[in-house]
Amino acid sequence: MEEFATEEAALPSAPGEAEHPALALANSAVALPGGRAADLLSTPARAEEWLVRRDLAPVGAGLAEVCATQLRSLREQVRSLLASLVAGQPALPAALAAVNDVMTRVPTASLLLWDEKTGPYRAAPHPTTAIVEHALAVIAADAADLLTSPDATRLTSCASPPCNRFLLKHGRRQWCSTRCGDRARAARAYARRTPTD
Ligand SMILES: [Zn+2]
């Protein structure tokens, strides 16, 4: 397992991530050459840092493993929807349902609770839960925006195996990073020099 600083260095932002937190979430786990993988949400501390860096959580929010799991789960649903769009396939109903659920789950009022001994009372959700649910809702809403906005026509997946990231195309560029572009060009040059039989 690589150190955090190395993983961050391996994952420079892909085009479109700055405007779309949903794209950044989708790209927060990546397959690297040599069978390696990097996951920026692999622990609660990393997930919290990821959210703080995007102004989706305050420093010291205190994420628990269950929060990181929720983020990783939303990531899989968002990746599924982006992949469906890129492939021109219908979305999985479960992915649509999950994103809609996250988008609409944020409570707008203190909840009504019932204590066995003292009866009904109202209370705000735990602050960390509120922070995480808000962040999830913002990301899910952004996924909905991304898929329905003009940006959707520019969405593609990185054309440099084994990379599995998504990006918004600018011109003919179809790689998520300079590193992936260099690797793809090197692979093409190698293929030209190597006889196929
Ligand atoms: Zn790439």
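1. A residue is called buried here if 20 or more other C-beta atoms lie within 10 Å of its own, exposed if 12 or fewer do, and partly exposed in between, with C-beta atoms placed from the backbone. By this criterion, strand β4 (residues 119–123) is hardly covered: the count of buried residues among its 5 residues is 0. Helices (H or I, at least four residues) and strands (E, at least two) are DSSP runs, numbered from the N terminus.

2. On the basis of the model: this is a predicted model, in which local features need pLDDT of at least 70 and side-chain atom pairs count only at pLDDT 80 or more, while totals for chains, interfaces and linings use all residues. Residues are numbered from 1 along each chain as its sequence is written. The predictor's confidence in each residue is given by pLDDT, from 0 to 100. Its mean over the protein chain is 90, and 93% of the residues reach 70 or more. Residues 1–5 should be read separately: pLDDT stays under 50 there, and the model has 3 contacts beyond four places in sequence for them. Two residues are in contact if their C-beta atoms, placed from the backbone, lie within 7 Å.

3. On the overall architecture: the protein chain holds 7 helices and 6 strands, in the order α-α-β-β-α-α-α-β-β-α-β-β-α from the N terminus on. Its C-alpha atoms fill a box of roughly 80 × 35 × 30 Å, taken along the principal axes. Of the 197 residues, 29% count as buried. Among contacts with a separation of 6 or more, 55% come from residues 24 or more positions apart.

4. On strands β3 and β4: strand β3 (residues 111–115) pairs with β4 in the antiparallel sense over 5 bridges, where pairing requires that DSSP find at least two bridges between two strands. A hairpin of 3 residues joins β3 to β4. Leu113 has Tyr121 of β4 as its bridge partner.

5. On Pro120: this residue is placed in strand β4. Pro120 counts as exposed because it has 8 C-beta neighbours inside 10 Å. Leaving aside residues up to four places away in sequence, Pro120 touches Leu112 and Trp114. Pro120 and Ala31 lie 89 residues apart in sequence and 50 Å apart in space, C-alpha to C-alpha.

6. On the nonpolar core: the term denotes a set of buried Ala, Val, Leu, Ile, Met, Phe, Trp, Tyr and Cys residues joined through C-beta atoms within 7 Å. The largest such core has 43 residues, and those with the most contacts inside it are Ala22, Ala47, Leu74, Val78, Ala135, Ile139 and Ala143. At least two residues of this core come from each of α2 (21–26), β1 (29–32), α3, α4, α5 (93–104), α6 and β6. The element that gives the most to this core is α6, with 8 residues. Val78 touches Ala22, Leu25, Ala26, Val99 and Ala143, again not counting residues up to four places away in sequence.

7. On helix α3: its buried residues are Ala47, Glu48, Trp50 and Leu51. They lie on the same side of α3, because they cover an arc of only 160 degrees around the axis; the arc is that of the directions from the helix axis to the C-beta atoms. Ala45 and Arg53 are exposed on the other side of α3. The cover over the buried residues of α3 includes α4 and α6 (127–148).

8. On helix α5: this helix has 12 residues and reaches 17 Å from its first C-alpha to its last, close to the 16 Å expected at 1.5 Å a residue; the expected span is 1.5 Å times one less than the number of residues. The buried residues of α5 are Ala95, Val99 and Val102. Their arc around the axis is only 65 degrees, which puts them on the same side of α5. They pack against α4 and α6, whereas the face turned away from the buried side carries the exposed residues Pro93, Ala94, Ala97 and Thr104.

9. On backbone geometry: most residues other than glycine have a negative phi, and most peptide bonds are trans. Asp55 is found in the loop between α3 (44–53) and α4 (65–87), and counts as exposed because it has 10 C-beta neighbours inside 10 Å. The peptide bond from Pro161 to Pro162 is cis, with omega near 0 degrees; Pro162 is in the loop between β5 (155–157) and β6 (166–168).
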